[in-house]
Amino acid sequence: MYHASGVLCGVTFLMHLAAAVERPTGVRGLRPCVVVAGGREPPHWEAYPGHQFLHTIGALPCCATGGCWRSRAVPLQDGSKHDHSLCEYPVDGFPLCMQLVTPDRVVDAVMMYGGRRWSIA
């Protein structure tokens with residue numbers, strides 16, 4: 001992460017590292033980070049300064065006023081309690097809120113950082 005010039009990820013530990021790990025000597029500013037979030041977690045709960053947090057809060061009834069906090073899109077039948085916290089709008093095994101974050105939105109968010117070439121962490 002130290003040498004990464006930018007990060008593209010979901011809501012995961014990687015986004016937290018992008019915000020927390022210092023940048024190399026001589027590199028100024030916050031590390032660019034694009035987070036594909038959907039409607040599970042609200043931005044005020046997860047987003048960091050300098051991150052583009054691509055969410056769909058307000059776009060669907062399940063996340064009209066905040067995150068749905070559902071655990072899974074489909075049951076995995078693994079005995080976990082998470083099989084009882086399922087997405088209300090699964091489409092082809094994925095939450096609709098995630099499908100609303102289109103590739104074009106992701107590219108636009110990366111380009112907002114000036115379109116500079118990012119190195120891989």
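Tryptophan 69 sits in the loop between β3 (51–55) and β4 (90–91). Helices (H or I, at least four residues) and strands (E, at least two) are DSSP runs, numbered from the N terminus. The model is predicted: local features need pLDDT of at least 70, side-chain atom pairs count only at pLDDT 80 or more, and totals for chains, interfaces and linings use all residues. Residues are numbered from 1 along each chain as its sequence is written, and side-chain values use heavy atoms, with hydrogens and water left out.

Tryptophan 69 is not a glycine, yet its phi is positive, about 60 degrees. Most residues other than glycine have a negative phi. At 38% relative accessibility, tryptophan 69 is partly exposed. Buried means under 20% relative accessible area, exposed over 50%, and partly exposed in between (1.4 Å probe, protein chains only).

Aspartate 92 also has a positive phi, near 55 degrees. Its place is the loop between β4 and β5. Aspartate 92 is exposed, at 75% relative accessibility.

## Phenylalanine 94

Phenylalanine 94 belongs to strand β5 (residues 94–95). Its relative accessible area is 54%, so it counts as exposed. Leaving out residues up to four places away in sequence, phenylalanine 94 touches Ala73, Tyr89 and Gln99 (contact means heavy atoms within 4.5 Å). Tyrosine 48 lies 46 residues away along the chain, and the C-alpha atoms of tyrosine 48 and phenylalanine 94 are separated by 25 Å.

Six of the six residues of β2 are buried, so the strand is largely enclosed by the rest of the structure. Both faces are covered. Cys33, Val35 and Ala37 lie on one side, with Val34, Val36 and Gly38 on the other. In a regular strand the side chains alternate between the two faces of the sheet.

β2 (residues 33–38) runs parallel to β1, joined by four bridges. Two strands pair if DSSP finds at least two bridges between them. Leucine 8 is opposite valine 34 in β2. From β1 the chain crosses through helix α1 (residues 13–20) to β2, and this β-α-β crossover is right-handed. That is, with the strands pointing away from the viewer, the path from the first strand over the helix to the second runs clockwise. β1 (residues 7–10) has a covered face, Val7 and Cys9, and an uncovered face, Leu8 and Gly10.

β2 also pairs with β3, in the parallel sense, over five bridges. Here valine 35 stands opposite phenylalanine 53 in β3.

## The largest pocket

The largest pocket holds about 280 Å³ of space. It is lined by 18 residues, and the closest to its centre are Ala37, Arg40, Arg70, Pro95 and Met98. β2 and α3 (96–99) are the elements that give two or more residues to the lining. The lining divides into 11 nonpolar, three polar and four charged residues.

On a 1 Å grid over the protein atoms alone, a pocket is an open set of points where a 1.4 Å probe fits, with protein on both sides within 12 Å along at least five of seven lines; lining residues have an atom within 4 Å of a point. Grid points are joined across faces, edges and corners, and a volume is the space filled by probe spheres set on the points. Ala, Val, Leu, Ile, Met, Phe, Trp, Tyr, Cys and Pro count as nonpolar, Asp, Glu, Lys and Arg as charged, and the others, Gly among them, as polar.

## Overall layout

The protein has four helices and five strands. Along the sequence they follow the pattern β-α-β-α-β-β-β-α-α. The C-alpha trace spans about 50 × 30 × 25 Å along its principal axes. Of the 121 residues, 36% are buried.
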